[in-house]
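Good morning, and thank you for coming.

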Amino acid sequence: MESIRVRPFSNEEIVLGNFLGKLLLFTLVNFLTLGISILINATFYPHAFDFGIYLFYWLTLNLPALVFFLGVSFFVIRVVRQQALSFVILSVFFWGLIFWGAGWLNGLFDPCARHIPNMFSDFTGHVGMGNYLLQRSFIFFTGISCLLLSIIPYPRIPNRVFGYRSVLGRVCVIFVFAACLGLWYMSLYNSVGNNREKYKRIYSEYEKFTGVKVVQNDLQVKALEENGISVTSRLIVENRAPVPLPLVMYLNPGLKILSLEIDGNRVDFQRKQQAIVADKKLEAGEMAEVLLRYEGGIEKDICFLDVMPEKYYSETINNYGIYYFGNVPAFCERDYKLFTPECMWYPVCVPPYGVSGLRDVNFSRYSLQVEHEPCLKAISQGSTVQEKEGVTIFAFEHNMPGISLCVGNYERREITVDSTRMALYYFPRHDYLLEEYEHFSEECLLDELAYAKSNTFELSGCIRTRKFSGRKRNYDPTQQYPYRWLTLVEVPCGFYSFPSLMQLSGERVQGGMFFLPEKGFSIKNYPGKVFEDETKDWDTRVGMKLSSEISESIGKGSCDIKPQLVGKTTFIYSREYPLIHDVLMRVAREEGIMDDSRDYMADYGAIEYLKHASLKDALGDSTLEPEILQSIIRKKCKELRAYIALQVGKEQFRQFYVDFLGKYLFKEVALEDFLEQFSQTFDFRLDSLVENCYNTNRLAILDVRDARVIEVKKTDDVLYRMYEFKVFNKGDVAGIIMWDKAQGWVILPRMAMEIHVGFPYNGANPYLEMPLAQNIPSVMYLKEIEMSQVDTTTRVFQVDTSLFYTMKEEIVVDNEDSGFRLVKAKDNFITSLFQKGENDKRYYNIFTEDAWFPVISKSFYGFPIRSALYKAALYGAGSGKQKVEWNVVLPQEGKYEVFFYYTEYLWNWKGWGAQVKELSRYYSVFDGKKEYEVTPTLTEEDDGSWVSLGVYDFSRKAKVTLSDRVPDSEIQQTLVADAVKWVRVE
């Protein structure tokens with residue numbers, strides 16, 4: 001009867017009326033929530049309140065999303081015609097679209113705009129208005145087309161002939177219009193990708209012409225009214241290659257060249273995108289003066305070409321929770337400009353591009369004059385020698401690897417600390433962030449800043465030698481903060497600089513300039529208000545907040561100052577050994593060789609890679625995950641540091657490194673010069689160690705047995721530690737094992753050694769470390785034994801390798817072995833990955849889910865990987881259904897004693913009370929005929945030892961099972977499934 005129901009309305013009017021009614025209802029609810037938000041914002045945060053933004057987001061975010069959801073819902077309901085089934089289909093579709101499909105096609109189908117830049121900056125407005133409006137329009141008109149399309153299957157005869165054709169015609173028009181918007185949106189991203197590939201090809205075409213460097217660059221910049229700049233650059237270039245080279249320079253392709261002169265004469269040139277090829281060839285060692293005039297805007301696609309596309313377009317960078325701010329590398333607008341060396345706003349001969357982030361550095365002497373609107377401020381590195389209305393001049397006392405320029409509406413606060421000029425530039429309306437410092441005394445402010453500079457950062461971040469520590473501390477840029485200025489600049493939230501191997505903080509931190517995120521939006525653990533503690537005076541509490549703010553803003557994260565504290569005053573380069581500057585810096589910088597890192601998954605990936613590849617292979621492998629590549633570099637540097645420490649001493653190398661940097665302040669220097677001076681100083685060639693570090697593609701496997709540390713007191717009441725252990729290198733290359741005070745021994749392949757060595761007690765936990773071997777973790781802590789009479793002489797001798805092979809009477813099955821399995825592995829997909837084979841292994845950090853997870857720890861049993869399966873049993877979560885098994889076929893029948901390796905991993909608590917002193921584990925032992933239930937009671941004394949499950953008369957097949965049951969529902973405990981062994985009993 002529905003199909004012939006008589007109403008004075010057409011089907012179209014019925015559907016649209018129904019739609020508008022629901023839209024009105026949702027809009028009223030929406031306005032109610034907006035009103036509450038506006039009230040809270042205006043009451044508690046009046047300085048950040050802007051009614052226009054609320055209106056903008058309702059029109060562009062809420063309304064298109066409502067229309068889309070309602071339009072699709074109407075269409076599905078009319079097509080399916082079953083309410084329950086429609087609800088299921090819509091729930092699945094919307095859930096999948098919002099949480100899994102929203103990022104598809106660069107966020108084109110994201111109804112909530114969570115995967116596209118969608119925030120406002122007080123500096124520049126919306127971070128990506130064009131793309132955002134295109135996407136929201138596509139969502140809106142897609143919803144409208146679905147709504148109109150739902151009229152056609154409406155279960156009622158239309159009121160007029162050809163009514164469906166009319167509706168279908170309008171649907172087609174709107175759908176085609178929405179498709180055009182979508183194609184336009186996608187074409188913008190495609191053009192960016194095409195441009196980036198084009199720029200890469202240009203770099204590849206001219207990469208053979210390397211050797212020309214810029215010695216000096218005097219820049220005169222004028223801001224144009226039409227959002228651009230006009231620049232005159234006077235350069236002095238030098239060919240430092242041993243052969244003649246054409247003069248090739250690079251400049252942002254958005255800047256148009258007006259004229260080019262060399263040594264006072266106009267010359268012809270060829271422009272290929274970012275490359276400028278002058279009609280001039282420089283002989284070896286020849287210098288020339290170049291005058292280049294250009295103007296225009298900044299092409300942003302040229303930046304960060306060494307970043308992979310999936311990362312470049314990822315919405316996971318420069319975000320905070322659900323808010324995505326985009327990744328704008330430079331700004332060139334009428335009232336705001338921000339240029340970094342990455343965008344090549346001035347001509348260079350060494351481009352900011354390299355495969356996998358490996359780039360050359362060119363130190364040049366700069367000067368900079370900026371003409372700008374009188375109401376704006378120009379900010380750069382160096383010293384401001386002139387600042388008058390509309391003109392700012394910067395001078396530099398030494399060479400720089402590059403400079404940045406920022407012009408905008410800023411307020412400035414400045415203070416001098418230990419001859420370092422510290423300046424803070426911020427947006428005028430953001431002064432409320434500093435209001436609590438208004439009444440902070442200048443004396444206390446100086447004390448806090450001086451302490452942060454010298455103790456918080458320089459003491460922990462710089463390379464400090466004993467010579468420096470024991471003398472009067474005159475300014476030393478190699479062992480202190482290297483610049484006479486420290487400039488903090490608040491920049492738009494859309495600004496983003498991708499980190500790289502050579503710039504871990506990206507260009508947010510470069511040349512003494514720090515680009516702080518707008519309002520500190522990305523700074524985690526922001527301290528907020530001054531601590532309320534009536535026992536302390538105001539200055540003390542404000543000082544505590546300032547200390548916390550400094551630590552959180554420039555002490556970690558994307559604006560971390562520490563990478564600027566060492567290695568930035570010189571650049572050691574080598575074509576044969578890329579990244580050698582950073583490798584040597586890491587070798588000299590790190591104090592100790594211990595690594596207590598918990599990122600064992602990255603270490604595992606690094607070890608798996610280095611089993612068959614070298615550091616040089618890794619640096620050229622663009623498919624490597626950044627965490628694994630960092631782990632490879634870290635481990636290679638640890639090994640090189642260990643070898644150098646054994647040959648010349650750790651402190652001696654550090655002093656040589658610092659002295660070398662002091663000879664070549666703010667210059668580039670060849671690795672050959674470093675190696676030659678090292679050889680002259682220590683009468684030892686470092687070349688072979690560097691070559692092995694980069695080219696060795698295998699790893700040692702160090703089996704350590706019977707390791708212990710004996711504390712012994714000599715007659716002079718001095719405590720000594722005696723290290724005693726055996727080690728067997730089962731690998732094909734030499735390995736190194738280190739112990740207290742960076743002492744160590746090189747173990748040749750297929751060789752077993754027994755080592756006895758003593759050192760004065762230093763209070764640290766005794767350990768052994770294998771800097772680069774297949775052993776994971778690389779650190780092994782040792783137990784201490786007190787003895788009064790021990791021979792403390794050093795003894796190192798070779799032993800028989802048969803000592804390192806398992807006795808026939810002892811069979812061990814570890815969780816890494818094929819005899820181990822999860823009984824209910826299919827219930828947990830993640831743990832099932834652990835069983836698929838060597839290439840599919842995964843290790844995880846601590847989980848609280850009711851499932852077994854493979855983890856790595858120094859306390860576990862295993863060789864070369866000390867791992868176990870871990871499960872958190874929270875408040876009786878263990879049901880006894882998730883079990884693990886150790887299976888073995890014994891060499892012969894008979895009596896065997898069964899042991900399991902016990903580790904008290906993490907914690908075992910009962911409710912909110914004290915730690916549980918005794919624990920129970922539910923094991924069962926199968927002897928081939930019968931299964932026996934065993935419930936051992938464990939204490940702290942059992943930690944790190946083999947615990948017996950009893951003696952049984954086995955047939956050939958044997959099995960041990962561990963259940964996840966817990967004895968008390970109030971107990972929070974961790975279960976560990978590690979290793980089981982069978983020992984034959986005569």
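Predicted model: local features only at pLDDT ≥ 70, side-chain atom pairs only at ≥ 80, totals over all residues.

Residues are numbered from 1 along each chain as its sequence is written, and side-chain values use heavy atoms, with hydrogens and water left out.

Let us begin with the rings. A pair of aromatic rings is described by the distance of the centres and the angle of the planes. Rings of Phe, Tyr and Trp (its six-membered ring) pair if their centres lie within 6.5 Å; planes under 30 degrees apart count as stacked, over 60 as edge-to-face and the rest as tilted. The structure holds 64 aromatic pairs. One of them joins Phe69 and Phe94 edge-to-face, with 4.8 Å from centre to centre and 90° between the planes. Phe69 belongs to helix H2 (residues 51-80) and Phe94 to helix H3 (residues 83-101), 25 residues apart. Helices (H or I, at least four residues) and strands (E, at least two) are DSSP runs, numbered from the N terminus.

Phe69 counts as partly exposed because its relative accessibility is 21%, whereas Phe94, at 14%, counts as buried.

Tyr189 and Tyr313 form an edge-to-face pair, because their ring centres are 5.9 Å apart and their planes meet at 65°. Tyr189 lies in helix H5 (residues 163-206) and Tyr313 in the loop between helix H6 (309-312) and strand E11 (319-320), so the pair ties together parts 124 residues apart in sequence.

Now to the charges. A charge sits over a ring if NZ of Lys or CZ of Arg is within 6 Å of the ring centre and within 35 degrees of the ring normal. The charged end of Arg196 sits over the ring of Tyr312, 3.7 Å from its centre.

Finally, consider strand E21 (residues 420-426), where six of the seven residues are buried. Two strands pair if DSSP finds at least two bridges between them. E21 pairs with strand E20 (residues 411-417) in the antiparallel sense over seven bridges, and Leu424 in E21 is the bridge partner of Arg413. Five bridges join E21 to strand E22 (residues 485-491), and these two run parallel.

Definitions and conventions. Buried < 20%, exposed > 50% of the residue type's maximum accessible area, 1.4 Å probe, protein only.
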